[in-house]
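User: I am new to this structure. Please take a close look at one part, the second chain, and walk me through how its pieces are arranged.

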Amino acid sequence: MAGLGRGRGRGKGYMSFSIEAVGIGKGENLPPSILQPTPLFPPMEHKPVPLVMGEEAEYMLALKQEFRGNMKTLPFYVRQAVSKKDWKRLPKELRIRVKKPLKENTSLSVDTPVDPKPSKKTRVDKEEIIHKLEVGITLEKKEEEVTSDEEEGEKKKQEEEQQDGEEEYDEEEFEEETDYIMSYFDNGEEFGGDSDDNMDEAIY
Amino acid sequence: MTAQEVRLCGLLLQEHFGEVVERIGTHLLRGGAQNLRTIANETNTPLDLVKKSLCVLVQHGACEFGSGRRGPGSPVEYRANCERVLRVLRYPRYIYTAKTLYGDTGELIVEEVLQRGHMTMSNTVKTVADRLTHNMEEGRSMEYSEVVSAFSKLVETHFLQRCPPVAEMGTAASSTTPATPSTPAAPASTAPPTAESNPDCYKLPHVTLIGRGKRRRSSDDSEEQRGGKKAKMEVESCGDEGIYWQVNFERFHQHFRDQAVISAVASKLDQTSSEIVRTMLRMSEVTTTQTAAYTQPLSANEIFRSLPPNYSISRPILDQYLSLLVDDPMEFVGKSGDSGGGMYVVNLQRALANLARATLESVVQERFGSRSARIFRLLLRKRHLEQKQVEDFAMIPAKEAKDMLYTLLSENLVQLQEIPKTPDHAPSRTFYLYTVNQLPTARLLLQHCYKTVANLIERRLFETKENKRLLEKSQRIEAILASLQASGAEPEQLTEVEEMITAPERQQLEALRHHINKLDSTENQVDETVFLLESYIFSTKTK
């Protein structure tokens, strides 16, 4: 078998062919080895030829840009349709939020210190628990809540068409003026209660 | 379908048809023939968008459909055509050529057909007449007959052709176009019918279109509605449903190739020789197939008779010019016989090869300098040379010659050929010869060109995106100005609106427009090189 380079050759730079054949003389300086990838925009020794600028070129340029513009208006330009939310697919709790500001507004306009309790009877279990906790808070806080809720309600009425996800976030934050979102106080009772249809799944 | 080609096709589709079509198109280009469900699943696009995109692609000829591989019962399969999508880059050149040959009417006809993929004749005539009327002065309108005559001229010279009939699918064979003779039901394995296979390809339908173009006025809404209804009724009564026309790209390419040959002769020899070559090419326009290596032989007598009248050269001088052309090393014209005063042909294939070679040499010269170009030309001429011989023939000192050769080698423009002296290929006893193969090098450069154009488009999109806010603002202000002017506002209001764009913003806009124009113009120019190289490569394939 042919011997390995290490064993037979001496010194660095042993190659399988004689260097003189390639044309590199003895002791000549080889170009330095490359240690990093070549720069993204290497400096060019020869600048490219300038563009041909004439009447013909300018006319073709105008044609091209006009063509592109026209294509955008034709029916062949297929645009992606914006998908609308299908409310049947989102959980019920998100939908009821839409009704809440309306109810709040009507009740507040009567100008009585409204007990939040009766207006929230229509909510799902989760909200009942949250508001039981709320009721336990002092009256001053309730008034603050009412005023903040009033502002919230008006704001929400304006933003009614926007996504409900945002409203939910705002309400949960502002309701008790705590730093924790409402699900922090969740005691987990109603967890898994929403999905009654598929009891085969193991609940961890 | 190389990666560069697919990338460029994707960008072109995106610019002209939107992102959805781009996604579907690139998926088809990469994946080969697929059916509808596969495409929808693999690209995660809703089915109706996929259907829409496929319709758009088929309308523009970028996609073909045929029955599936498993026989006539399997679902329809779609195949994208990479070459056809790349043609989109050349649209401005086609439109400009139509303008030089047939005036504004021809230009608009070709532009409309290109925009819509394929159209019926009546539709085209009406749209073009309306557009021309729109640009004319008040009170004048364009006659349909003028447009029809321009259209027929385009068809006679084969620049427009009928769309190929739809391939038969299923058992029932029903011809879709009334004018086509009954074609036998094509089996699923043969290639889809081309436009040329239809013998009525260039026959105009018998339709009488009488009328004038309608000018669209914004104030005459009721008249427009009535006119619209009338137009609809007229379309129904025209007798050319189902006969769609498309642009014949091959004919345009033939024209470009002729132009390239003529200009090459003009720059190498002189104007008169180029006129002679132009006459010869014009005479053999319809008799030469596109893949012919040379034109039909023409006798010197015929050429003399067909010369344009303002080029009155005497017969002996014509003979002298012809012999000059034959002796020229470029070999544009060859002599094939002696009857009729000498039979001459134009060597199309040879001419294309020479033009491609000149392109390669010029590329090397511009990128690496004239001495490297000298080495390159040397290797092209002498085929195989050793290192020592290169240095001697090129008259360049050894060290620099070595350096240049290795640079060219690293760029793959020059190849090394090993010729062993002994069976064990020992390096010290092997000849290493440098060589240049024209065809692979041309292919390499073509891929570089595709990459260049794709980069240009991406840079242009990037620049537009960076300055989107500014562009939108200027568009809004222009719209406001236009509406103000239309409703007759005072000059103070106009200047007030104009001042809403500050001076540095104006400068920025100017610079942006300048850059975008430059990038666009560069794309057009690179496309000229692409055309030359593509034609050369195609001409070698059909040997």
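Analyst: One cut-off comes first: a residue is buried under 20% relative accessible area, exposed over 50%, and partly exposed in between. The model is predicted.

Start with B:Glu331. Its relative accessibility is 33%, so B:Glu331 counts as partly exposed. B:Glu331 sits in a loop of chain B, between α13 (315–327) and β8 (333–337). Its backbone deserves a look too. B:Glu331 is not a glycine, yet its phi is positive, about 55°. Most residues other than glycine have a negative phi.

B:Asn412 can be read in the same terms. Its phi is near 70°, a positive value in a residue other than glycine. B:Asn412 also lies in a loop, the one between α17 (398–410) and β11 (415–420) of chain B. With a relative accessible area of 44%, B:Asn412 is partly exposed.

Now step back to the whole chain. Chain B has 543 residues, and 46% of them count as buried. It contains 21 helices and twelve strands. Take the contacts in chain B with a separation of 6 or more: residues 24 or more positions apart account for 66% of them.

For a buried residue, turn to B:Ser474. It belongs to helix α19 (residues 468–486) of chain B. Its relative accessible area is 5%, so B:Ser474 is buried. Set aside its neighbours within four places in sequence. B:Ser474 then touches B:Ile501, B:Leu509 and B:Arg513.

Next come the annotated regions. The UniProt record, an unreviewed entry, places "domain: RNA polymerase III subunit RPC82-related helix-turn-helix" at residues 8–66 of chain B. In the model, that stretch is 75% helix and 10% strand. Its end C-alpha atoms are 25 Å apart.

On the α6(B) side, the contact uses B:Tyr102, B:Thr105, B:Gly106, B:Ile109 and B:Val110. On the α8(B) side, it uses B:Val147, B:Ala150, B:Phe151, B:Lys153 and B:Leu154. The residues of this contact divide into seven nonpolar, two polar and one charged.

A second pair has another geometry. Helix α14 (residues 348–368) and helix α15 (residues 370–382) of chain B have axes that come within 7 Å. They cross at roughly 150°. α14(B) and α15(B) are therefore roughly antiparallel to each other. Their crossing is right-handed. From α14(B), the contact draws on B:Arg357, B:Leu360, B:Glu361, B:Val364, B:Gln365 and B:Phe368. From α15(B), it draws on B:Ser370, B:Ser372, B:Ala373, B:Phe376, B:Arg377, B:Leu380 and B:Arg381. These residues divide into six nonpolar, three polar and four charged.

The second annotation follows. The UniProt record, again an unreviewed entry, places "domain: DNA-directed RNA polymerase III subunit RPC3 winged-helix" at residues 360–436 of chain B. Over those residues the chain is 56% helix and 19% strand. The end C-alpha atoms of this stretch are 11 Å apart.

Definitions and conventions:
Residues numbered from 1 in each chain as written. Chains lettered and ligands numbered in written order. Predicted model: local features only at pLDDT ≥ 70, side-chain atom pairs only at ≥ 80, totals over all residues. Heavy atoms only, no water. Axes fitted to C-alpha atoms, helices over the stretch in contact; angles between N-to-C directions. Helix = DSSP H or I, 4+ residues; strand = E, 2+ residues; numbered from the N terminus. Parallel < 35°, antiparallel > 145°, perpendicular 65-115°, else oblique. Left-handed = near helix turned anticlockwise from the far one by under 90°. Contact = heavy atoms within 4.5 Å. Nonpolar A, V, L, I, M, F, W, Y, C, P; charged D, E, K, R; others polar. UniProt positions renumbered as here; feature names shortened; annotations may be inferred. Buried < 20%, exposed > 50% of the residue type's maximum accessible area, 1.4 Å probe, protein only.
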